[in-house]
Amino acid sequence: MTRRAPRWLLISGVLVAALAVLPAVYLGVRAAEADASAWGLLFRERTWGLLWRTLGLAAAVTVLAAAVSLPLAWLTTRSDLPGRRLWTVLLCVPLAVPTFVSGYVLLAAFGIGGVLEEVLTRWGLPVPPVYGFPGALVALTVSTYPYFFLALRAGLLAQDPAWLEGARSLGMSPTRAFWKVTAPLLRPAFVSGALLVGLYVLSDFGAVALVQYDAFSRAIYVQYEGAYDRAYAALLGLALVAVTVVVLVLEVRLRGRAGYHRSSKGAARASAPVTLGRWRVPALLFCGAVVLAGVVLPVGVLLYWGARGLAQDEASLMQPALGSLLASVLGAVASVLGALPLAFLAVRYPSRLTLAMERVSYVGYALPPIVLALSLVFLGVQALPFLYGTLVMLVLAYVVRFLPQAVGTVRSALLQLNPHLAEAAASLGEAPAGVFRRVTAPLLRPGLLAGAALVFLTAMKELPATLLLAPIGYETLATRVWGATAEGRFAEAALPALVLMAVSALGVGLLVAQEGDAPRG
């Protein structure tokens with residue numbers, strides 16, 4: 001029999017769940033209030049153009065990321081490529097580069113006045129296009145291919161080599177065996193990687209804004225910032241949410257029952273690495289080219305402009321660094337505090353209501369960041385004017401956006417905690433608050449810290465919500481990079497971008513460190 005949750009805990013959970021779902025509800029209300037002219041704007045030719053440009057970019061980035069990631073995943077799992085573990089780490093480093101930093105790197109390298117643009121022009125060589133679709137394609141592919149790479153790597157490591165060996169024993173060539181056996185078994189990994197990359201591109205704002213590519217997210221920001229038609233901006237936000245939902249539904253249909261089972265003998269044994277032979281040098285060059293584009297070029301460009309920024313005595317980083325630190329810490333603490341009642345209700349008092357409340361917490365994470373920020377802007381102006389333009393509103397945005405990260409880690413930690421320990425303390429006369437303070441909280445501390453750290457790292461890179469909701473004059477590292485780059489002040493943007501990359505690299509290091517079954521090179 002399910003125990004009844006304490007009233008105070010249930011009320012806390014309802015309030016947090018209501019906060020998480022409020023932006024989506026408010027967008028619906030705002031759309032319902034839109035007049036016929038706003039709806040007419042939504043269905044005009046420009047909106048359809050935005051749709052096709054956004055979907056085209058998402059499709060192109062997904063295909064290119066898959067084309068780059070598949071050979072990289074195979075080389076680092078199935079071949080005798082020298083230094084496979086080192087290559088794996090280097091190929092994951094672009095995860096630490098926010099998309100707006102990737103856009104900045106392109107502009108600072110090949111844009112007007114860029115360091116490599118000057119060199120190529122002096123030598124009479126063509127300068128790669130960095131504005132519009134080409135720039136968005138390159139910036140987003142470099143930033144997102146590691147999601148595909150990690151998904152395909154995991155799929156290859158999980159496959160039992162007996163399947164491939166059986167195909168080879170039937171006379172299939174290595175290439176035919178790969179496409180007939182290995183590739184179909186990678187279908188779940190392909191679908192997972194495509195979903196991650198596709199949704200990332202649909203929700204991206206920083207890269208498309210910097211390279212001036214007209215996608216949904218940039219159009220929404222322009223409509224709001226220019227105060228042209230905010231009802232139309234809300235409808236565009238709903239349209240972007242609808243596109244996201246369609247992508248999720250397609251993912252479920254494509255995934256189907258894709259998957260496979262290992263043989264009954266248990267865990268798959270490690271496969272013998274394929275000898276590259278004369279292909280070793282091309283394989284190393286390919287890996288090196290990807291690392292050059294995703295790691296060496298960004299770091300080199302940032303260091304170059306960073307050195308120039310120091311020489312020119314550019315503005316101090318103290319203010320944006322403290323702004324990022326304060327907002328991210330407050331967002332991390334608030335997210336963990338909000339996650340506690342939802343996790344406790346779902347784990348200790350499971351019911352349809354409590355499980356639904358936990359699921360509702362993921363609504364904000366499913367909304368594209370620009371749509372979430374826009375909905376909170378409307379909410380602040382119409383319903384909470386005393387909070388609009390304050391740091392509280394920005395922290396609320398971080399909570400709604402990153403609450404699922406905190407809920408996931410707290411819930412996992414709580415599932416590993418024996419409930420009888422708290423019951424024993426209560427049976428000895430300890431009050432509920434004392435039980436939590438003296439027994440539960442110390443045991444949950446690792447999960448709480450992990451959730452807070454994850455939210456902190458992702459909040460440091462958040463751009464759309466910070467741009468739209470931060471108080472006037474409030475700067476963070478992300479907004480400093482975006483603002484300076486948008487005005488062509490590359491030297492001023494370099495140092496905050498380097499700091500952001502360093503902080504983000506901490507999260508990537510934790511991710512790679514957890515991959516215990518990576519092959520050793």
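Mentor: Happy to. The figure is 49% of the 521 residues. Please keep in mind that this is a predicted model. Its mean pLDDT is 80, and 79% of the residues reach 70 or more. Confidence is highest in helix H3 (residues 45-78), with a mean of 91, and lowest in helix H20 (residues 419-427), with a mean of 58. Two stretches call for care. Residues 257-268 have a pLDDT below 50, although the model gives this stretch 19 contacts beyond near neighbours in sequence. Residues 516-521 are also below 50, with 14 such contacts. Where pLDDT is low, the predicted coordinates should not be read in detail.

As for the fold, the protein has 24 helices and zero strands. Among contacts between residues at least 6 apart in sequence, 82% join residues at least 24 apart.

Now to the salt bridges themselves, which come to a count of eight. Let's begin with Arg 280 and Asp 80, whose closest N and O atoms are 2.6 Å apart. Arg 280 sits in helix H14 (residues 280-311), while Asp 80 is in the loop between H3 and helix H4 (84-92), so this pair ties together parts that are 200 residues apart in sequence. Arg 280 has a relative accessible area of 32%, so it counts as partly exposed. Asp 80 is partly exposed too, at 22% relative accessibility.

Next, move to Asp 214, which forms a salt bridge with Arg 218 at 2.7 Å, N to O. Asp 214 is partly exposed, with a relative accessibility of 27%. While you are in this part of the chain, look at Gln 212, in the loop between helix H11 (206-210) and helix H12 (216-225). Gln 212 is not a glycine, yet its phi is positive, at about 60 degrees. Most residues other than glycine have a negative phi.

Then turn to Glu 492 and Arg 480, where the N to O distance of the salt bridge is 3.8 Å. Glu 492 belongs to helix H24 (residues 490-513) and Arg 480 to helix H23 (residues 477-486), and the two are twelve residues apart. Both Glu 492 and Arg 480 are buried. These two also take part in a network of salt bridges that links Glu 475, Arg 480, Glu 487, Arg 489 and Glu 492.

Among the buried residues of H10 are Ala 189, Val 191, Gly 193, Leu 195 and Val 197.

A nonpolar surface patch of about 550 Å² is made by Met 318, Leu 322, Leu 325, Val 329, Val 333 and Leu 337. One of these, Leu 322, lies in helix H15 (residues 318-348).

Definitions and conventions: Residues numbered from 1 in each chain as written. Predicted model: local features only at pLDDT ≥ 70, side-chain atom pairs only at ≥ 80, totals over all residues. Heavy atoms only, no water. Buried < 20%, exposed > 50% of the residue type's maximum accessible area, 1.4 Å probe, protein only. Helix = DSSP H or I, 4+ residues; strand = E, 2+ residues; numbered from the N terminus. pLDDT = per-residue confidence, 0-100. Contact = heavy atoms within 4.5 Å. Patch = residues over 30% accessible without salt bridge, like charges linked within 9 Å, V, L, I, M, F, W, Y side chains within 5 Å. Areas by Shrake-Rupley, 256 points an atom, 1.4 Å probe, with all protein chains shown as cover. Salt bridge = Lys/Arg side-chain N within 4 Å of Asp/Glu carboxyl O.
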